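Here is a short briefing to read alongside the coordinates. It starts with a single helix, then moves on to the domains and the chain contact.

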Amino acid sequence: MEMFGSVVLRLNKSVNKGDKENLLSLFDADDRFKPIEVLTDAEEDTTVKVILEGLGEIDLKLGADMEKKQKKTIMTLFWFAERSKNMEMQRKAEAGENVTLKILKT
Amino acid sequence: MDMRSINLVVKDLDAALSTYLKLFGTNNIPEILRVKGLNDGTETIDGYYLKTQPLNLGLWAPRGTTGRIGQFLQKNGEGIHHLTFQMEQDEFEETYTRFKAQGRPVSNKIAYLGRLSEAFFWLDGSGEQGVPMQFGTKCSRGLKLWENTDYLDTPKVIEPAKINEVHIRPRIVLNSAMVTINESEKQREVWASILSREPVIQGNIFTLEPGQVNDGRGNIFIPVRFGFSQSKGINLYRAINPEGPINKVMRKKGVKGMYHNLACYVTRDQVHTYFKQLEDAGFSMVDPKPALNTNKGNGNYFFFVHPRSAFGVLWEVVSIFIRNEAVKAYYDWSDTKVYMLPPDEKAGNL
């Protein structure tokens with residue numbers, strides 16, 4: 001799998017193992033709009049693996065064609081229906097904790 | 001009565017101006033006025049007045065925290081504060097008298113801006129309509145209601161602003177404000193009375209058939225539109241699902257109505273270009289690209305710019321269309337250059 005992009009985000013809520021959360025529920029507006037540099041070209045509807053290190057992961061589809069070096073955000077990578085898909089939390093985490101979000105092109 | 005301007009309250013006027021020059025493009029704003037010391041008898045504000053078309057856009061910063069706009073900024077932060085409606089002088093005076101007789105919370109006194117010979121009054125947001133509104137007239141004679149008017153030597157300065165920035169955008173038309181309300185029938189009657197016109201149903205913008213609109217983000221609306229000249233208008237949305245985000249926000253704020261977003265319209269073959277221009281300029285785009293609206297065969301592209309990058313205002317951008325006298329919509333191909341099939345000049349029957 002090829003690295004598509006990564007960014008460090010701050011959890012806006014505390015979560016417990018087993019909770020169902022998504023990219024919108026976990027991060028506030030400033031983090032949802034934090035720039036993520038695209039590292040490789042990809043076409044619309046390409047499935048990427050979104051990994052919140054240690055917390056959870058989910059496969060999501062890109063919402064548009066992406067070009068290397070573009071600056072994207074959670075909002076401009078994924079349509080609402082994708083970014084609001086729930087994933088299961090693998091551990092407890094506190095609000096304010098920094099989490100690395102990695103996106104891999106499968 | 002006609003819609004004249006949309007007015008925002010901001011903290012940093014120059015930063016807001018710079019942002020809105022980038023949003024609209026300097027080519028879409030024929031004139032910008034710098035206004036200093038505008039006093040309505042209750043508070044003093046400074047601002048820029050952008051002659052966007054057909055609706056103008058005011059950017060205002062209050063000097064204090066106790067006046068109408070100052071309090072709003074303290075309580076709600078930056079964003080849409082009010083719409084201004086222009087009337088002929090007779091209608092203006094009749095409307096002020098009518099609102100007072102109806103018990104609506106209008107200004108105690110009309111404000112006469114001496115340097116412009118313009119008169120205004122407020123309809124407070126505590127009224128049944130739920131949002132602040134301003135009504136004005138360009139006077140052509142002395143006011144009959146002079147005894148109920150504050151004659152003010154204001155504004156202290158109003159002059160064309162010198163703009164050095166250049167941002168070229170496709171044609172952008174600003175003509176719509178979206179208002180959300182919490183009670184459909186009663187609110188519709190209130191707004192119809194205030195605006196002196198009946199709304200048209202907007203479930204389908206081409207046929208005016210009733211219907212619900214699902215915004216895909218948890219809100220389901222029943223929309224109606226109060227139309228004005230040059231395709232201007234106010235869309236009144238009743239979000240019918242109580243647990244939708246908009247109803248939650250209105251309950252939290254304890255309001256009956258709320259200015260929800262503004263809408264501008266862009267040359268039909270330039271929507272994707274404009275999206276990229278805004279993205280490159282650092283605006284917070286809400287989705288990956290313009291979405292194609294398939295609701296009831298709508299056929300327009302649309303996208304949103306998040307309020308965090310636009311001084312508290314959610315902007316909706318749509319492929320340009322115009323409305324005929326019946327407020328039915330037709331695609332506007334007037335400045336589209338890219339096509340395989342040329343537009344039918346007779347289409348729309350406008």
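In this predicted model, helix H3 of chain B covers residues 89-101, 13 residues in total. From first C-alpha to last, H3(B) reaches 18 Å, close to the 18 Å expected at 1.5 Å a residue.

**Around helix H3(B)**
- The buried residues of H3(B) are B:Phe92, B:Glu93, B:Thr95, B:Tyr96 and B:Phe99.
- Viewed down the helix axis, these buried residues fall within an arc of 160 degrees, so they line one face of H3(B).
- An α-helix has 3.6 residues a turn, so residues three or four places apart point the same way.
- On the other side of H3(B), you will find B:Asp90 and B:Ala101 exposed.
- The cover over the buried residues includes three strands of chain B: E6 (110-113), E7 (118-123) and E8 (133-138).
- Just after H3(B), B:Gly103 adopts a positive phi of about 80 degrees.

**Two domains in chain B**
- Chain B splits into domain 1 (2-160) and domain 2 (172-331), and their centres, taken over C-alpha atoms, are 23 Å apart.
- Their contact draws 27 residues from domain 1 and 26 residues from domain 2.
- On the domain 1 side, strand E1 (2-9), helix H1 (13-24) and strand E5 (79-86) of chain B each give two or more residues.
- H1(B) supplies the largest share of that side, five residues.
- By class, the domain 1 side has 14 nonpolar, nine polar and four charged residues.

**Where chain B meets chain A**
- Here 11 residues of chain B are in contact with 10 residues of chain A.
- The chain B side has three nonpolar, three polar and five charged residues.

Conventions
Residues numbered from 1 in each chain as written. Chains lettered and ligands numbered in written order. Predicted model: local features only at pLDDT ≥ 70, side-chain atom pairs only at ≥ 80, totals over all residues. Contact = placed C-beta atoms within 7 Å. Nonpolar A, V, L, I, M, F, W, Y, C, P; charged D, E, K, R; others polar. Helix = DSSP H or I, 4+ residues; strand = E, 2+ residues; numbered from the N terminus. Expected span 1.5 Å × (residues − 1). Buried ≥ 20, exposed ≤ 12 C-beta atoms within 10 Å, placed from the backbone. Arc of directions from axis to C-beta. Domains from an automatic or database assignment.
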